[in-house]
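Subject: Structure handover and notes

Hello,

Here is the structure I said I would pass on. Please open it before reading the notes.

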Amino acid sequence: MKRREFVKLSGAAAASIAIIPPVLQSCADNMNMNMNMGSNAVPVKEGAFTTPLTFPSVMTSNFSMQAKGNTVSLLNAQSTSVLGYTDGILGPTIKVDNGSDVSIAFQNQLSEETNVHWHGLLVPANMDGHPKDVINSGSSFNFNLPLSQRAGTYWYHPHPHGKTARQVFMGLAGFFIVNDSEEQSLNLPSGDQELLLVIQDKRIKNGQLNYSPSMDEVMTGYTGEYVLVNGRNAPFHNVSTRYYRLRILNGSTARVYNIAFSDNQSFEVIGTDGGLLAQPVTVNSLLIGPGERADILVSFKSFSVGKEVYLISRTFNGGAQGRQEFKIMKFVVNQQASDSFTVPNQLSSIQPIAPASASKTRIMKIKGMMEGMNMGSMGSGMHTINDKVYDLDRIDETVQAGATEIWEFDNSDGDEIHPMHIHGVQFQVLQRTGGRGSLIATEQGWKDTVLVMPREKVTVIMTFPQEKGVFVFHCHNLEHEDDGMMLNYEVV
Ligand code: C2O
Ligand code: CU
Ligand code: CU
């Protein structure tokens with residue numbers, strides 16, 4: 001719809017109410033009120049922190065996995081319908097060594113199509129879970145993943161276009177951990193002291209997960225009032241007086257967290273999406289957007305038994321988000337232990353890619369609902385990249401295999417938050433102008449997803465692998481992605 005026609009429609013909204021679908025009506029009402037931001041993130045309701053944290057099972061080599069419907073108890077032991085890649089919510093943690101070939105026999109036991117995308121892994125295009133490669137209800141597919149990349153905290157989730165957000169929200173997601181000898185040699189906290197935490201917010205109505213974004217919520221992203229860690233609302237975990245390695249994934253569809261501890265203690269950021277940083281960075285809080293990972297070290301060494309510390313999200317500047325501080329989970333120090341671990345000064349080596357080595361710079365103008373209104377049609381396709389809404393079959397960018405390129409994500413006119421993600425490659429963040437105006441700790445390493453806040457322009461540099469084929473890049477606000485904020489690029 002053209003803006004002109006839309007304005008006419010808004011003006012006539014009251015008269016034509018019967019013929020305007022409800023979603024358009026709510027949009028029109030909102031537009032009549034003002035041309036500004038829509039709703040804010042829903043306030044988080046903190047729980048009691050009396051439920052023990054649990055961890056998914058671990059898979060180490062070849063195995064089979066199903067996407068299916070399950071029933072779990074969420075919030076006061078109600079029976080809640082969820083989706084999972086095994087029993088319960090979420091999926092197994094896959095832990096493998098770099099260099100191995102992982103094969104996964106996947107079955108779709110859902111009543112609709114799905115597929116699996118290995119977020120951050122550099123796998124062949126036909127194994128990447130491109131939205132055109134869907135697996136029908138009742139069908140199977142064998143994923144063969146030849147791993148050749150750095151150790152890191154990767155993850156997996158569905159990617160069928162228009163259905164990704166709902167399927168992830170309902171529970172389909174899991175960790176994919178790659179180990180290598182470089183990381184091994186650091187002797188980072190492991191075993192009981194290495195905790196994988198996926199943070200996700202859910203809206204829950206009458207004991208059931210409720211995914212029903214309004215038009216406002218397609219714009220801001222769908223947020224929930226309950227924050228879950230590993231599928232548990234408001235959990236606690238017992239720790240001893242030692243260092244812990246927390247590998248955190250923001251698996252929410254749209255909510256951004258500003259991770260911190262309730263006693264305001266500092267912590268060390270040691271890794272990000274694509275593995276370890278070169279050196280640890282000490283911070284007191286850390287912003288993590290949907291799809292991003294943070295690998296941190298936190299010390300409980302100075303605490304006495306009985307001490308309780310919360311992992312919290314602090315307020316931040318983020319348009320419709322960041323206005324509330326809330327607790328995410330509780331750590332309870334329940335045991336005295338000695339720990340001789342010291343944080344290494346050097347974690348890994350990262351060769352910066354020289355901007356001069358880039359053969360091309362591509363500008364990606366990302367537009368939210370307000371900026372894109374005259375471009376897309378109402379009801380869907382309100383979020384665009386270079387004024388385009390996703391088309392499965394259209395190739396939007398063509399990249400030479402092995403080429404080094406700079407991509408600029410330009411949200412300088414925008415009021416929405418866009419965590420931008422590129423499949424099939426790991427990049428380095430060169431700079432951020434506007435908005436926060438600088439890079440944060442996790443942006444000093446290899447990344448596959450970068451948070452572009454309102455008014456920001458972020459440039460990244462990457463060398464594409466030799467692997468040819470079609471991959472996508474998109475906003476990892478999954479409401480925006482499903483709305484079409486995604487393009488195809490082909491490596492030739
Ligand atoms: Cu985690 Cu294409 O996404
Ligand atoms: Cu991905
Ligand atoms: Cu977005």
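This is a predicted model: local features need pLDDT of at least 70, side-chain atom pairs count only at pLDDT 80 or more; totals for chains, interfaces and linings use all residues.

Residues are numbered from 1 along each chain as its sequence is written, chains are lettered from A and ligands numbered from 1 in the order in which they are written, and side-chain values use heavy atoms, with hydrogens and water left out.

Copper sites

The copper ion (ligand 2) has His117 (NE2) and His421 (NE2) as its coordinating residues, at 1.8 to 1.9 Å. These two are 304 residues apart and link distant parts of the chain, with His117 in strand E7 (residues 117-119) and His421 in strand E29 (residues 418-422). Donors here are N, O and S atoms within 2.8 Å of the metal (3.2 Å for Na, K and Ca); water is not among the atoms, so sites may look incomplete. Helices (H or I, at least four residues) and strands (E, at least two) are DSSP runs, numbered from the N terminus. His117 counts as buried because its relative accessibility is 1%, and His421 counts as buried at 1% as well. Buried means under 20% relative accessible area, exposed over 50%, and partly exposed in between (1.4 Å probe, protein chains only).

The copper ion (ligand 3) is held by His418 (ND1), Cys475 (SG) and His480 (ND1), at 2.0 to 2.2 Å. The spacing of these donor residues in sequence is H-x56-C-x4-H. His418 lies in strand E29 and His480 in helix H7 (residues 478-482), so this pair ties together parts that are 62 residues apart in sequence. Both His418 and His480 are buried.

His476 is in the loop between strand E33 (469-475) and H7, and it counts as buried because its relative accessibility is 0%. The side chains of His476 and His157 make a polar contact of 3.4 Å. A polar contact is a pair of N or O atoms within 3.5 Å; within protein, one must be able to donate a hydrogen and the other to accept it, and residues adjacent in sequence count only if both atoms are side-chain atoms. Leaving out residues up to four places away in sequence, His476 touches, among others, His119, Trp155, Pro419, His421 and Thr449; contact means heavy atoms within 4.5 Å.

Strands and sheets

E29 and E31 run antiparallel and are joined by four bridges; two strands pair if DSSP finds at least two bridges between them. Pro419 has Leu451 as its bridge partner in E31. In strand E31 (residues 449-452), Thr449 and Leu451 point one way and Val450 and Val452 the other, and all are buried. In a regular strand the side chains alternate between the two faces of the sheet.

An open sheet of five strands has the order E26-E25-E28-E32-E30, with mixed pairing. Strand E25 (residues 360-367) pairs with strand E28 (residues 404-410) in the parallel sense over six bridges.

Another open sheet has six strands in the order E1-E16-E24-E23-E18-E21, again with mixed pairing.

Aromatic contacts

The whole structure has 23 aromatic pairs. One of them is Phe49 with Tyr310, edge-to-face, at 5.1 Å centre to centre and 75 degrees between the planes. Rings of Phe, Tyr and Trp (its six-membered ring) pair if their centres lie within 6.5 Å; planes under 30 degrees apart count as stacked, over 60 as edge-to-face and the rest as tilted. Phe49 is buried at 5% relative accessible area, and Tyr310 is buried at 16%. The charged end of Lys327 sits over the ring of Tyr310, 4.9 Å from its centre; this requires NZ of Lys or CZ of Arg within 6 Å of the ring centre and within 35 degrees of the ring normal.

Asp295 is in strand E22 (residues 293-299) and counts as buried at 3% relative accessibility. Its side chain makes a polar contact of 2.6 Å with that of Arg245.

Regards
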